Amino acid sequence: MLTTLAQSSFSTWLLSSNSIWAYPTVLTLHTFGMMVLVGAALMIDLRLLGFARAIPLQSMERLFRIIWAAFALNAVTGTMLFIADADKRGPELFFWMKLTFVAIGLVTSVRIRRADFQGGAEPVVVSGADKRLAVISLLAWSAAITTGRLLAYVG
Amino acid sequence: MPTLANQADLAHLHLLLNHFPTIGTILGLGLLLLSFIRRNDHLKKVSFEVLFLIALATLPVYVSGNAAAEALKGQAGISQDAINAHNDAALGSFILMEITGFFAWLSLWRMRRVGRLTTGLTYTVLILAVLTVAAVSEAALFGGDIRHPEIAGGQYAGFGPSGASFISAAAIKDYVLQHPYVWPTCETLHFLGMSLMFGVLMIVNLRLVGWLRGMSFASVHRLLPFGLMGFGINFITGMFFFIAASEQYTQNVAFHWKVVLLMLAGVNYLVLTVYDEAWALPASAEAPMSGKLLGASALVLSIGVMYFGRMLPFIGNAF
């Protein structure tokens with residue numbers, strides 16, 4: 001199954017086309033999505049942890065739209081990159097670790113949004129439990145980047 | 001993609017630019033000293049801005065120096081020891097220059113927040129600027145010895161292979177190349193630093209452009225040091241890449257574009273830090289057109305830096 005994917009005409013095009021619009025563009029879009037998603041999540045985490053407290057918490061709510069949009073972009077580009085290398089990535093431990101960290105990061109983002117971004121009067125008091133969520137988010141996204149980056153060097 | 005500059009162009013560029021760090025730091029230091037005599041805070045601010053801009057301009061000086069060294073390689077009458085001594089002195093002074101530029105920036109950022117210059121930071125910049133002038137003068141002196149028979153009398157001053165510098169580019173190169181974990185670790189940190197930096201740029205500039213509302217500019221201004229922290233991580237890890245494999249970058253058109261856009265983004269960041277019109281911007285108000293343009297250009301420039309960084313292996317010839 002993985003081999004079939006990796007040998008599909010799509011994979012051949014993505015990997016061996018000399019066009020800048022094939023592999024380089026998909027990879028760059030994936031990097032762009034990562035930078036936008038993690039950048040937005042980190043800013044929310046830092047604010048929850050007490051940095052830049054002058055920023056009203058609710059005004060950061062719009063950043064979640066950026067997070068979801070960037071995730072959609074990376075789900076698509078990530079799937080394309082996986083298909084192209086399916087036989088190599090499928091058995092890779094780092095790959096599944098990365099997906100796990102991404103899942104933890106996403107679930108944490110959803111929980112942070114539910115806990116602290118439901119409107120209400122400023123200044124919002126951030127509870128200890130919500131600060132813990134911010135720490136989990138910081139660690140999960142950092143771990144996702146680390147395992148993702150290391151995929152280029154293992155296997 | 002057409003090249004921006006070939007090796008000879010870069011060697012020329014090095015000869016043109018290499019005077020900026022020496023003269024610029026002396027100018028910045030001079031303005032700072034004058035501001036003490038005249039008790040003029042505005043002059044102090046200008047001197048910090050000059051020091052930040054010179055720290056920024058030193059990056060292409062260092063980078064083009066490596067291209068100049070490659071152009072000189074193997075030529076008669078050129079001492080590799082003299083080149084190495086200059087390179088090490090240049091690297092040491094470059095690092096000092098970046099630290100000076102960082103503290104100059106931090107003073108400007110603090111000044112914006114608390115409304116006056118803080119004495120501790122001002123004296124830190126003063127001391128660092130003095131050290132930088134000394135270090136960069138030494139680097140310039142060693143540089144002149146590479147090929148100026150009129151001052152060296154046809155004889156090289158006879159520096160050892162590692163010169164007198166506290167840092168050795170060759171040792172850093174060996175360290176990176178001999179330890180297989182260094183490159184992937186730096187790559188990982190480079191991506192984390194990029195995300196941190198872009199997170200800050202996104203909030204500050206989307207606020208200016210108008211997509212994010214409900215936050216005053218003064219409140220998002222507090223995030224700027226995190227952006228510079230991200231840049232610091234990427235500057236250090238980026239220098240590891242460059243020193244370990246400079247020949248991959250000096251002739252790489254994607255790298256040239258990356259440096260050009262980075263310079264512009266740096267100027268943009270300085271303007272963001274000291275920008276008066278935006279500073280007064282309350283939470284609900286729309287930024288003036290100049291602010292919107294500033295924000296939009298910062299976003300385009302930083303995405304451009306990421307693009308050319310990611311494209312190094314594809315447009316250019318790195319890796």
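Student: What share of the contacts in chain A between residues at least 6 apart in sequence join residues at least 24 apart?

Tutor: The share is 80%. Two residues are in contact if their C-beta atoms, placed from the backbone, lie within 7 Å. This is a predicted model, in which local features need pLDDT of at least 70 and side-chain atom pairs count only at pLDDT 80 or more, while totals for chains, interfaces and linings use all residues. Residues are numbered from 1 along each chain as its sequence is written, and chains are lettered from A and ligands numbered from 1 in the order in which they are written.

Student: Why is the pattern of chain A written α-α-α-α-α-α-α?

Tutor: Helices (H or I, at least four residues) and strands (E, at least two) are DSSP runs, numbered from the N terminus. Chain A has seven helices and zero strands, so the pattern holds α entries and no strand entries.

Student: What makes a residue of chain A count as buried, and how many do?

Tutor: A residue is buried if 20 or more other C-beta atoms lie within 10 Å of its own, exposed if 12 or fewer, and partly exposed in between; C-beta atoms are placed from the backbone. Of the 155 residues in chain A, 35% are buried.

Student: What makes a set of residues a nonpolar core?

Tutor: The members must be buried Ala, Val, Leu, Ile, Met, Phe, Trp, Tyr or Cys, joined through C-beta atoms within 7 Å. The largest such core has 120 residues, and those touching the most other members are A:L37, A:A40, A:M43, B:L51, B:I203 and B:V204. Helix α4 (residues 80-114) of chain B contributes the most, with 17 residues. Domain 1 (1-163) and domain 2 (168-314) of chain B each supply at least three residues to this core; such bounds come from an automatic or database domain assignment.

Student: Which residues does B:I203 contact, leaving aside neighbours within four places in sequence?

Tutor: They are A:M43, B:L212, B:V220 and B:L223.

Student: How do you know that chain B touches chain A?

Tutor: By the contact criterion, 29 residues of chain B are in contact with 28 residues of chain A. On the chain B side, α8 (182-209), α9 (217-221) and α14 (289-310) give two or more residues, and α8(B) gives the most, with 13 residues.

Student: How do the residues on that side of chain B divide by class?

Tutor: There are 20 nonpolar, five polar and four charged residues on the side of chain B that touches chain A. Ala, Val, Leu, Ile, Met, Phe, Trp, Tyr, Cys and Pro count as nonpolar, Asp, Glu, Lys and Arg as charged, and the others, Gly among them, as polar.
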